[in-house]
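This report describes a pocket and a set of helix contacts for a reader new to the structure. Please keep the sequence and the model in view while reading.

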Amino acid sequence: MKKIILVEDQKVIRKGIRLLIESNGRFEVVAEAANGEEGLSLLRSGVGADLIVSDIGMPEMDGLEMLSEISKLETAPPVLILSMSETQDDFAQALFGGAAGFLSKSVDTSELFFALERILEGERYFCSGLSLKMLEKSLSKRKFSDLNGVELTRREIEIIGLLAQGQTTSEIADMLFLSTRTVEGHRQNLIGKTGVKNTASLIRFACLKGIIN
């Protein structure tokens, strides 16, 4: 059974999240905290956990501040950030602050469990709905039909954006309702079209050409 530290300032919500997390029998909430400071204290006192699930907005020390402090520790479990809002600002700060995942509190149970499993397997997971919203907004502002002779389809641009957000092939397939083989085919085609060597170089190309921020 995987051990989780739950950080949430509102007692009623914290209790609800705990009951939900423990409902499938694969996870156990071993400790609770009402803010980021208390969460850090638990870690520093030696409370062992495989994952931290934390609210983003809390008094004294919020989830993002806690995330920043955790990154300074020698060893610490990954952090899944939960947010009531779906602002791009919060999403970006969590992403670049080193969060292993970001979920809106409006997600359904299946996506929460999916995120927990992925993160505990060493991957990253970001709310599918918000990831696609951000990508669609970016695409609506730009046209990338011709980049120095390289023509990219809308689907290819979507896939580059999701790769840059740390999504795996299987996660992208689930989000776009494609097979993993199709996603992998797009990735290989993109590498061939752009003349790069690997996925990291592909993302760098996309950044340099202004496809993604």
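## The second largest pocket

Helix α1 gives the most to the lining of the second largest pocket, contributing four residues. The model is a predicted one. Among the elements that give two or more residues to this lining, α1 spans residues 11-22, and the others are β5 (101-104) and α5 (109-120).

In total, 13 residues line the second largest pocket. Those nearest its centre are Ile17, Leu20, Leu82, Lys105 and Leu112. Sorted by class, the lining holds nine nonpolar residues, two polar ones and two charged ones. The space within the second largest pocket comes to about 170 Å³.

## Helices α7 and α8

Helix α7 covers residues 154-164 and helix α8 covers residues 169-176. The two pack at an angle of about 130°, and their axes lie 10 Å apart. The helices α7 and α8 are therefore oblique to each other. Their crossing is right-handed.

On the α7 side, the contact involves Arg155, Glu158, Ile159, Leu162 and Leu163. These meet Ile172, Met175 and Leu176 of α8. The contact of α7 with α8 contains six nonpolar residues and two charged residues, with no polar residue.

## Helices α8 and α9

Helix α9 is formed by residues 180-194. It packs with α8 at an angle of about 110°, with the two axes 8 Å apart. Because of this angle, α8 is roughly perpendicular to α9. The crossing in which α8 passes α9 is right-handed.

From α8, the residues Thr169, Ser170, Ile172 and Ala173 take part in the contact, and α9 supplies Thr180, Val183 and Glu184. By class, the contact of α8 with α9 has three nonpolar residues, three polar residues and one charged residue. Ile172 of α8 takes part in this contact and also in the contact with α7.

## Helices α7 and α9

Helices α7 and α9 pack against each other as well, at an angle of about 100° and with their axes 10 Å apart. The angle therefore makes α7 roughly perpendicular to α9.

Here α7 contributes Arg155, Glu156, Ile159, Ile160 and Leu163. The partners in α9 are His186, Arg187, Asn189, Leu190 and Lys193. The contact of α7 with α9 is divided into four nonpolar, two polar and four charged residues.

Methods. Residues are numbered from 1 along each chain as its sequence is written. This is a predicted model: local features need pLDDT of at least 70, side-chain atom pairs count only at pLDDT 80 or more; totals for chains, interfaces and linings use all residues. Side-chain values use heavy atoms; hydrogens and water are left out. Axes are lines fitted to C-alpha atoms, for helices over the stretch in contact, and angles run from 0 to 180 degrees between N-to-C directions. Angles under 35 degrees count as roughly parallel, over 145 as roughly antiparallel, 65 to 115 as roughly perpendicular and the rest as oblique. A crossing is left-handed if the near helix is turned anticlockwise from the far one by less than a right angle, and right-handed if clockwise. Contact means heavy atoms within 4.5 Å. Ala, Val, Leu, Ile, Met, Phe, Trp, Tyr, Cys and Pro count as nonpolar, Asp, Glu, Lys and Arg as charged, and the others, Gly among them, as polar. On a 1 Å grid over the protein atoms alone, a cavity is a set of points where a 1.4 Å probe fits but cannot get out, and a pocket is an open set with protein on both sides within 12 Å along at least five of seven lines; lining residues have an atom within 4 Å of a point. Grid points are joined across faces, edges and corners, and a volume is the space filled by probe spheres set on the points.
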